[in-house]
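Hi everyone, thanks for making time.

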Amino acid sequence: MKYEKLFTPMKIGSVEIKNRVVMAPMCMGFGQYNGCATKKMMDYYEERAKGGVGLIFTEITRVNDVTGASSFGQLGMSHDYQIPALKEMARRIHRHNCKIMVELHHPGRQNLGLMIGTVPLCVVGDKLMGELYTKILTGAVIPPGKKLQDKDIVPRTVAPSKCEKSKMSESVNRGLSTKAVKKLICEFIEGAVRVQKADCDGVELHASHGYLIQQFLSPNTNKRTDEYGGSLENRMRFLTEIIDGIRKNCGKDFPIVVRLTVDEMYDRIGQPGKGYGIEEGLKMAKILSDKGIDAIDVSSASYDTFNYWLEPTTFDCGWRKHLAAKVKEVVDIPVIAANLIRSPKQAELQLEEGIQDFISLGRPLIADPHWVNKTQSGNEDLIKRCVCCLYCFESMMENAYKYSHGHCSVNPFVGRENTYLKKNGNGRKALIIGAGPAGLSAAELLAKREFDVTVIEKENCAGGQLNLAKKPPHKEKMGWVCADLLNNVKELGVQIEFGVKATKDIVDTYKPDIVVNATGGNAVFPKPFERENVTTVTEILNGNITLENKKVAVIGSGMTGLETSELLAEQGNKVTIVEMADKIAPGAWFQHVDDAMPKLESAGTVFMPGHKLLSINDSSIALERISDKKTVTVDADYVVLSLGVRPDTCLYDEIKNSSDYKVYNIGDSDKIGRIANATEAAFQLVSSIE
């Protein structure tokens with residue numbers, strides 16, 4: 001395709017954007033306590049500007065330090081001293097003919113009580129003690145603070161009015177006084193003035209995903225009786241007064257974009273009538289358009305309906321494009337939307353169909369900063385696609401407590417944008433055993449270092465464990481990881497040989513200088529449970545065993561167990577899931593669990609947490625109920641074990657002491673992990689080789 005629409009310039013207000021691709025705002029934690037842009041943050045954004053994107057919306061940027069700081073590593077526009085660093089970041093982005101707009105934000109009730117009043121103290125502590133303060137905070141203050149937060153013994157977050165706790169943050173909140181509301185309006189306006197002084201190209205007001213501005217819009221969280229609550233006009237007053245103030249202080253040529261949830265989607269989680277839906281969302285969009293904002297960034301949902309704005313891998317690409325299409329019908333300003341776009345072809349088609357005017361890419365630009373340039377140069381098959389694994393958000397949230405940042409499963413260079421690999425391979429021969437994510441990542445990075453790389457794989461295709469991960473219903477995107485890596489290593493001249501089972505003799509024939517063992521792992525199958533009616537998830541997922549219309553017990557409720565259960569249920573089986581822990585899917589990221597459980601429940605799946613497998617018979621299993629040690633019998637024609645994976649080290653143990661070549665072991669063959677662990681292990685290894 002020529003992608004004519006995608007690369008046609010268009011204006012947002014007075015600012016011309018060179019193409020139709022914008023980077024969505026995403027907090028990754030590259031900032032610091034004082035809210036100033038750091039070098040790491042500048043490197044991160046500039047890499048996306050180099051990659052060809054037309055406009056960058058920064059991450060959530062606070063306008064209030066006391067109740068409005070969401071992260072220790074968040075950008076801020078709450079003080080004048082933050083202007084110079086933002087100005088430098090804008091300068092760096094502008095030199096690539098890319099525009100930058102700053103997303104102004106307040107979390108409201110979706111903040112953590114632990115964060116209320118914390119950041120101002122952190123700024124002082126950091127000034128006085130530097131790195132020592134961070135060690136004290138993350139090691140001695142936050143752990144007990146989290147326990148107090150769980151018991152609600154922390155300051156309350158703020159909301160338009162006292163309301164129910166927000167999912168995930170789950171902090172007790174309090175309503176804002178009218179005086180406090182007006183002060184916050186002024187703080188948003190002052191933040192915009194600072195953005196303009198920093199030579200940025202506009203602001204985006206975050207009225208989406210359940211944050212404070214949206215909380216004013218929603219009747220679920222706004223039960224005020226003053227001029228900021230009640231009717232739609234009153235509920236929008238907080239936002240419209242911010243817009244009026246920015247116009248007055250920054251002028252008509254300074255673009256204002258509003259990121260708007262047009263449907264809270266409570267009906268999707270079985271709570272119809274709660275909050276507001278698309279009909280009222282369209283009225284809001286029309287009011288904002290008539291108000292004279294310069295563009296609307298269409299989104300959906302909130303923390304309460306989390307998966308309907310930050311989707312797991314099972315969601316179809318473009319599933320919510322109808323929202324942008326409906327908004328486009330009622331406004332006369334440019335419409336920006338994400339719409340779970342994962343390919344240039346999809347982006348171009350949605351522009352051609354008039355669904356939207358700008359393509360918003362969030363996670364795809366974390367995964368591949370050069371998505372735009374690769375498309376424009378005709379190399380779209382080299383794009384590393386985002387597979388919606390959610391590791392970027394999960395790792396950001398986890399690392400926020402450690403004063404660190406988020407990562408990406410398919411891009412180990414996130415946060416290392418200024419890291420360059422030495423090109424000193426000098427044609428040395430590198431042999432990679434295994435074409436899973438670890439092996440192919442190592443092959444790609446070694447080839448970039450100018451090694452002569454060959455990959456041998458026992459199967460007839462690449463993928464490793466991901467060939468199983470993509471088999472459950474709607475998990476096809478997981479196959480993209482190795483498909484994209486394969487395209488990239490071939491482009492770099494790496495030789496790929498499929499159907500070759502490596503042995504020491506075969507390895508020796510290649511006369512390598514280095515060998516990277518990435519042979520993966522095998523499903524755990526305890527010998528006491530070996531019977532004709534017992535198998536592992538591997539045999540179910542690879543299709544070697546197909547079960548239909550049977551009573552199946554799945555032992556283990558990690559995500560592999562849940563996803564395999566979903567496949568079994570789809571095949572007409574009656575499934576019982578047994579888990580030793582006291583809850584299903586212990587340790588799994590909540591979004592994946594929230595995605596899987598309703599599907600399993602609707603299929604009539606029986607869940608048995610707190611039970612241990614004792615024995616298996618021809619038509620039943622015996623379990624021990626952990627709470628009282630009583631034995632429970634469950635009917636089961638077949639048993640599927642999902643007890644994890646153990647490393648396959650057979651080849652590594654055979655060749656590791658070779659004197660003819662250096663041998664390294666990475667990925668699941670070293671330590672069982674996730675995609676991110678595999679790609680990170682490859683990065684660490686290749687970076688360390690002299």
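Predicted model: local features only at pLDDT ≥ 70, side-chain atom pairs only at ≥ 80, totals over all residues.

Residues are numbered from 1 along each chain as its sequence is written, and side-chain values use heavy atoms, with hydrogens and water left out.

Okay, serine 78. You'll find serine 78 in the loop between β5 (75–76) and α2 (83–94); helices here are DSSP runs of H or I with at least four residues, strands are runs of E with at least two, and both are numbered from the N terminus. Is serine 78 buried or exposed? Serine 78 is buried, because its relative accessible area is 11% (buried means under 20%, exposed over 50%, partly exposed in between, with a 1.4 Å probe and protein chains only). Its side chain makes a polar contact of 2.6 Å with the side chain of aspartate 65 (a pair of N or O atoms within 3.5 Å; within protein, one must be able to donate a hydrogen and the other to accept it, and residues adjacent in sequence count only if both atoms are side-chain atoms). Leaving aside residues up to four places away in sequence, serine 78 touches Arg62, Val63, Asn64, Asp65 and Arg194, where contact means heavy atoms within 4.5 Å.

Next, the loop between β7 (157–159) and β8 (173–175), which holds glutamate 170. Glutamate 170 isn't a glycine, yet has a positive phi of about 50°, and at 48% relative accessibility it counts as partly exposed. Serine 166 lies in the loop between β7 and β8 too, but at 1% relative accessibility serine 166 is buried. Its C-alpha is 6.2 Å from that of aspartate 304, 138 residues apart along the chain.

Another positive phi, about 45°, belongs to leucine 340, also not a glycine. Leucine 340 sits between β12 (335–337) and α11 (344–352), and is buried at 2% relative accessibility.

Last, the helices. α20 (residues 559–570) and α21 (residues 590–602) pack at about 30°, axes 10 Å apart; axes are lines fitted to C-alpha atoms over the stretch in contact, and angles run from 0 to 180 degrees between N-to-C directions. That makes α20 roughly parallel to α21 (under 35 degrees; over 145 is roughly antiparallel, 65 to 115 roughly perpendicular, the rest oblique). The contact residues include Met559 and Leu562 of α20 and Val593 and Leu600 of α21.
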